[in-house]
Amino acid sequence: MFGCLVAGRLVQTVAQQVAEDKFVFDLPDYENINHVVVFMLGTIPFPEGMGGSVYFSYPDSNGMPVWQLLGFVTNGKPSAIFKISGLKSGEGSQHPFGAMNIVRTPSVAQIGISVELLDSLAQQTPVGNAAVSSVDSFTQFTQKMLDNFYNFASSFAISQAQMTPSPSEMFIPANVVLKWYENFQRRLAQNPLFWKT
């Protein structure tokens, strides 16, 4: 029903079912994981009105599991990417896995999925830093760089009447820089990796 993916590792598609409505995936060497993807396999949908809350569990200094709500998956949102690298020192939250005897190893974290009513999912609040930004850092950097370049180049703008003829220097009209800037932003919005082609 579910799959779990960590970059550089094989996809996990066989979850350990710990209750009728609860599943867990083991994440060995969790200290080196930044993001995890949880997805539905597409073979079995959730029953009508149901979805899955997604939790991350890691052992605290005493070896006890600390569970944190990451978010959810549903038939309408069958996959999600969660940032877990900043969660390992956070506080735990209420979770549905507490009373279960889940076998675990001290250096292994777990992703837990609990099948619940959609109304219940809507009332839950995931930990704040688990969501992945919708704008990746490369796109954000590129936009800031474009803004900085345009502002810098524009600060030197002078009118044609103010120009002193200098045969050894080349001048680029400000409207050409502005046109390039707007085209680059448009192409970046359509495909952040357009520059690779």
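These are my notebook entries on a predicted protein model, going from the whole chain down to single residues.

**Ground rules.** Residues are numbered from 1 along each chain as its sequence is written, and side-chain values use heavy atoms, with hydrogens and water left out. As this is a predicted model, local features need pLDDT of at least 70 and side-chain atom pairs count only at pLDDT 80 or more, while totals for chains, interfaces and linings use all residues.

**Entry 1, the whole chain.** I started with the secondary structure and found three helices and eight strands in the protein chain. Helices (H or I, at least four residues) and strands (E, at least two) are DSSP runs, numbered from the N terminus. Along the sequence I read β-β-β-β-β-β-β-β-α-α-α. I then looked up burial: 30% of the 197 residues are buried. Here buried means under 20% relative accessible area, exposed over 50%, and partly exposed in between (1.4 Å probe, protein chains only). The chain exposes about 12600 Å², of which carbon and sulfur atoms supply 56%; the areas come from the Shrake-Rupley method with a 1.4 Å probe, and for residues only the protein chains shown count as cover. For contacts (heavy atoms within 4.5 Å), I took pairs at least 6 apart in sequence and noted that 72% of them join residues at least 24 apart.

Which order do the strands of the open sheet take? I read 2-3-8-5-6, with antiparallel pairing; two strands pair if DSSP finds at least two bridges between them. Strand 2 (16-19) and strand 6 (65-73) are the edges, and each has a single partner strand, so one side of each lacks a neighbour in the sheet. On average, neighbouring strands here are turned by 30 degrees against each other, direction ignored. Those axes are lines fitted to C-alpha atoms, for helices over the stretch in contact, and angles run from 0 to 180 degrees between N-to-C directions.

Serine 57 stands opposite glutamine 110.

Strand 4 (residues 35-40) and strand 7 pair in the antiparallel sense over five bridges, with histidine 35 opposite lysine 83. Strand 7 has Ala80 and Phe82 on its covered face, and Ser79, Ile81 and Lys83 on the uncovered one.

I found glycine 86 in the loop between strand 7 (79-83) and strand 8. Glycine 86 is partly exposed, with a relative accessible area of 39%.

Helix 3 (residues 174-190) has 17 residues and reaches 25 Å from its first C-alpha to its last, close to the 24 Å expected at 1.5 Å a residue; the expected span is 1.5 Å times one less than the number of residues. Which residues of helix 3 are buried? I noted Val177, Tyr181 and Leu188. They cover an arc of only 40 degrees around the axis, which puts them on the same side of helix 3; the arc is that of the directions from the helix axis to the C-beta atoms. The face turned away from the buried side carries the exposed residues Asn175, Lys179 and Gln190.
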